[in-house]
Amino acid sequence: MSEIVKEFVGLPSPLVGRAGAGGHPCQGVYHRPAGNPPKTAFIAAHYNVDFSEHYLAEHLAARGYGFLGWNTRFRGSEAYFLLDHALAEIGAGVRWLRERAGAERIVLLGNSGGGSLMAAYQSQAVKPNVTPVAGMRPVPAIEDLPAGDLFIALAAHSGRPEVLTAWMDPSVTDESDALSVDPSLDPFDPGNGPPYSPEFQARYRAAQRARNERITDWVLARLDALKGTRARDALFNVHRTWADLRMIDPAIEPSDRAPNRCYLGEPAKANYGVFGIGSLCTLRSWLSMWSLRTSQCTAAPHLARITVPSLVIHATADACVYDSDARAIFDALATSDKTLDHIKDTHYLPDSRPRAAYLIDAWVRDH
């Protein structure tokens with residue numbers, strides 16, 4: 001075990017200035033062993049979760065690596081997320097590792113929702129493809145991003161629009177009324193299950209996609225209606241997003257997960273609560289992050305541009321990431337040098353962090 005040095009890193013964004021109180025828009029904590037600067041460093045970022053003190057940072061720093069837990073200006077501000085802006089700000093962190101921290105090899109760590117975000121970063125770095133959301137200007141800073149040398153997807157979701165759609169409650173009949181319900185699609189009506197029949201599951205999944213598309217239709221119409229007014233965007237709510245049938249019925253995609261659980265506990269209670277992914281959006285952040293039709297936060301197209309060696313680690317007791325998600329990520333990676341591994345633990349690996357660090361360390365050293 002090495003002595004671990006923790007260094008706060010605050011950097012300007014290519015897009016916005018420092019806050020009036022002085023804070024940098026891009027912030028994180030760099031963990032490293034004391035002594036000579038490590039030649040290999042990790043960077044982990046998420047759409048909105050604060051990764052500055054990521055749970056693997058100290059474990060990997062103790063094994064001789066640098067680890068930058070990195071936040072764009074959207075940490076805690078998911079409602080305003082814009083993919084191209086976030087990629088530019090992740091690029092600021094990667095450049096700092098190469099130019100200031102002395103790292104020669106960069107490992108992009110895509111943990112949880114960060115899996116598709118870091119995949120999008122590498123994809124844009126190797127073959128620019130991300131475009132501005134409707135009505136926004138292009139971001140020149142994403143046209144020349146420094147690429148990573150290795151890619152890791154850890155307990156990763158398959159993409160923001162896919163996750164929201166798989167979790168959203170399709171029995172909502174009125175988007176302005178959180179209690180509106182179509183009983184024939186209500187996942188918490190005992191008459192529908194569990195167990196859920198194959199026919200109900202198929203109808204439920206189709207209705208989830210239809211709800212996502214209806215919201216996109218409304219968003220596009222609303223943006224069109226705002227043209228010529230004093231407003232360029234607007235906020236709105238998306239209710240009830242803890243209703244994936246797999247959360248309720250463990251017989252659907254069996255795994256080591258606990259039954260009738262999601263990240264916020266019992267799905268029926270979480271679904272009618274006020275905390276949930278995508279619960280507050282702007283019109284443009286919906287199009288950028290959550291819309292099946294327009295979002296570029298889907299992992300698969302970006303994974304198809306990743307040719308560097310890649311590691312996928314799946315947590316088999318994860319309440320909301322399933323084996324099919326890990327397999328989809330693994331299959332979509334373009335590289336022929338890829339490994340799929342498993343750890344029996346829940347989403348953020350509370351009992352297996354040393355084991356995860358060991359697996360990652362061994363794989364990185366092999367490469």
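View 1. Leaving aside its neighbours within four places in sequence, C26 is in contact (heavy atoms within 4.5 Å) with V9, G10, L11, P12, S13, W70, N71 and E89. The model is predicted, so local features need pLDDT of at least 70 and side-chain atom pairs count only at pLDDT 80 or more, while totals for chains, interfaces and linings use all residues. Residues are numbered from 1 along each chain as its sequence is written, and side-chain values use heavy atoms, with hydrogens and water left out. C26 belongs to strand 2 (residues 26-33), where strands (E, at least two residues) and helices (H or I, at least four) are DSSP runs numbered from the N terminus. With a relative accessible area of 0%, C26 is buried, a word that means under 20%, against over 50% for exposed and in between for partly exposed (1.4 Å probe, protein chains only). One of its contacts, L11, is 15 residues away from C26 in sequence, yet the two C-alpha atoms are 5.2 Å apart in space.

**View 2. The crossing of helix 4 and helix 5.** The axes of helix 4 and helix 5 come within 8 Å and cross at roughly 125°, where axes are lines fitted to C-alpha atoms, for helices over the stretch in contact, and angles run from 0 to 180 degrees between N-to-C directions. Helix 4 and helix 5 are therefore oblique to each other, the term for angles that are not under 35 degrees (roughly parallel), over 145 (roughly antiparallel) or 65 to 115 (roughly perpendicular). The contact is made by P161, T165, A166 and W167 of helix 4 and by R205, Q208, R209 and N212 of helix 5.

**View 3. D169 in the loop between two helices.** D169 lies between helix 4 (160-167) and helix 5 (198-226), and is buried, with a relative accessible area of 0%. Among the residues that D169 touches, not counting those up to four places away in sequence, are F188, Y204, R211 and R240.
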